[in-house]
Amino acid sequence: MCGMMASDSERRRVARPYRREGDDPQPVKEAVNAWIAAAAAGVRPDEGPIWALVLESRNLLTVKALRAADCGVTDATTVVPNPDPEELAAIAAAAPELVALPLSSHGLFAALASPSSPERELLLQRGWSGRLGVVWLDFCGTFGASARAGRQRQHDLEQLFSQKLLLPAAAVLAVTFTTRGASELYRGELLESLVLLAEGYALRYGQRARLSGATSYCSHSRGGNPTVFTALFVVGDGSSAPSFSPPPPTTMAEPECALECASTLPEEPCALVALTS
């Protein structure tokens, strides 16, 4: 299935961010997943299956949220790239109908850009129209251009728009990043930069990305306690995108995992509203 397999060392390096910690409860992540699935249901077209691209682990938290929402996405129309062989095998065993591919997101977008790639041909054989209605780029780092990984994440985001991979009427795009290895001049600077990046790419390729909301919470799964941000966009072709703002995510998370949300990007980036404390 994979026409662009990397070397063993490169695959191990890229696979690290795709691995998740065990089966411990993740109430904040589950709340964010439900929030994104609700947005997908809110902008769903009246008919036809909806294809999704999600960065997922064996826990399948995002897949489970999409299953629970009436958003038109099924396992058979969900693409999950994951370069970690162990994770990919566990994903395929838990949900055999998923389109699980042994690629990083970067490799997948490169494959989709090639009309004759095995990955693109496989998706077309399964009924893919060439467009995605839900995309969640659940990254584990920043978009800083000074690092190779940051530039790759920027390139992934651009590819969504340059290849016209999103449904023209309305699509949901969620992007997650962390503050690991980054500093901010003011609270919300990194989030603001992401929003400007997404809006800029959309406009460059004749589309419109509208920010519907953003959440943040503190992660304790790795050293440094980085803040995790998820920005939710509704994307459409032409001069405007559909306006849809799903209810903010709620959670019974422990105090140290406080979830915050902004329904739109505030003029003062520090004006995020705490939902839990």
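## Overall make-up

Two residues are in contact when heavy atoms of each lie within 4.5 Å. In the protein chain, 71% of the contacts with a separation of 6 or more are between residues 24 or more positions apart. The structure is a predicted model, in which local features need pLDDT of at least 70 and side-chain atom pairs count only at pLDDT 80 or more, while totals for chains, interfaces and linings use all residues. Residues are numbered from 1 along each chain as its sequence is written, and side-chain values use heavy atoms, with hydrogens and water left out.

The protein chain has 8 helices and 9 strands; these are DSSP runs numbered from the N terminus, helices being H or I with at least four residues and strands E with at least two. Of the 277 residues in the protein chain, 52% are buried. Buried means under 20% relative accessible area, exposed means over 50%, and partly exposed lies in between, using a 1.4 Å probe and protein chains only.

## Helix α3

Helix α3 covers residues 61-68, and its buried residues are L61, T62, V63, A65 and L66. These buried residues pack against α2 (27-42), β1 (52-54), β2 (78-81) and β4 (134-138).

L60 is found in the loop between β1 and α3. Its phi is near 55°, a positive value in a residue other than glycine. L60 counts as buried because its relative accessibility is 3%.

K164 is in the loop between α7 (148-162) and β5. K164 is not a glycine, yet it has a positive phi of about 55°. With a relative accessible area of 31%, K164 is partly exposed.

## An aromatic pair

Rings of Phe, Tyr and Trp (its six-membered ring) pair if their centres lie within 6.5 Å; planes under 30 degrees apart count as stacked, over 60 as edge-to-face and the rest as tilted. By this rule there is 1 aromatic pair. The ring centres of F177 and F229 are 5.2 Å apart and the planes are at 15°, so the pair is stacked. F177 is in strand β5 (residues 171-178) and F229 is in strand β7 (residues 227-237), so the pair links distant parts of the chain, 52 residues apart. F177 and F229 are both buried.

## Around A202 and Q207

A202 is in helix α8 (residues 189-204) and is buried, with a relative accessible area of 0%. Not counting residues up to four places away in sequence, A202 touches F161, Q207, R208 and A209. The C-alpha atoms of A202 and D237 are separated by 8.7 Å, although the two residues are 35 residues apart along the chain.

Q207 is in strand β6 (residues 207-218). At 1% relative accessibility, Q207 is buried. The side chain of Q207 reaches the backbone oxygen of F161 at 3.1 Å.

## Cavities

A cavity is a set of points, on a 1 Å grid over the protein atoms alone, where a 1.4 Å probe fits but cannot get out; lining residues have an atom within 4 Å of a point. Grid points are joined across faces, edges and corners, and a volume is the space filled by probe spheres set on the points. The structure holds 2 cavities of 30 Å³ or more.

The second largest cavity holds about 30 Å³ of space. Its lining consists of L53, V79, L108, L112, L123, W128 and L132. The lining divides into 7 nonpolar, no polar and no charged residues. Here Ala, Val, Leu, Ile, Met, Phe, Trp, Tyr, Cys and Pro count as nonpolar, Asp, Glu, Lys and Arg as charged, and the others, Gly among them, as polar.

Methods:
On a 1 Å grid over the protein atoms alone, a cavity is a set of points where a 1.4 Å probe fits but cannot get out, and a pocket is an open set with protein on both sides within 12 Å along at least five of seven lines; lining residues have an atom within 4 Å of a point. A polar contact is a pair of N or O atoms within 3.5 Å; within protein, one must be able to donate a hydrogen and the other to accept it, and residues adjacent in sequence count only if both atoms are side-chain atoms.
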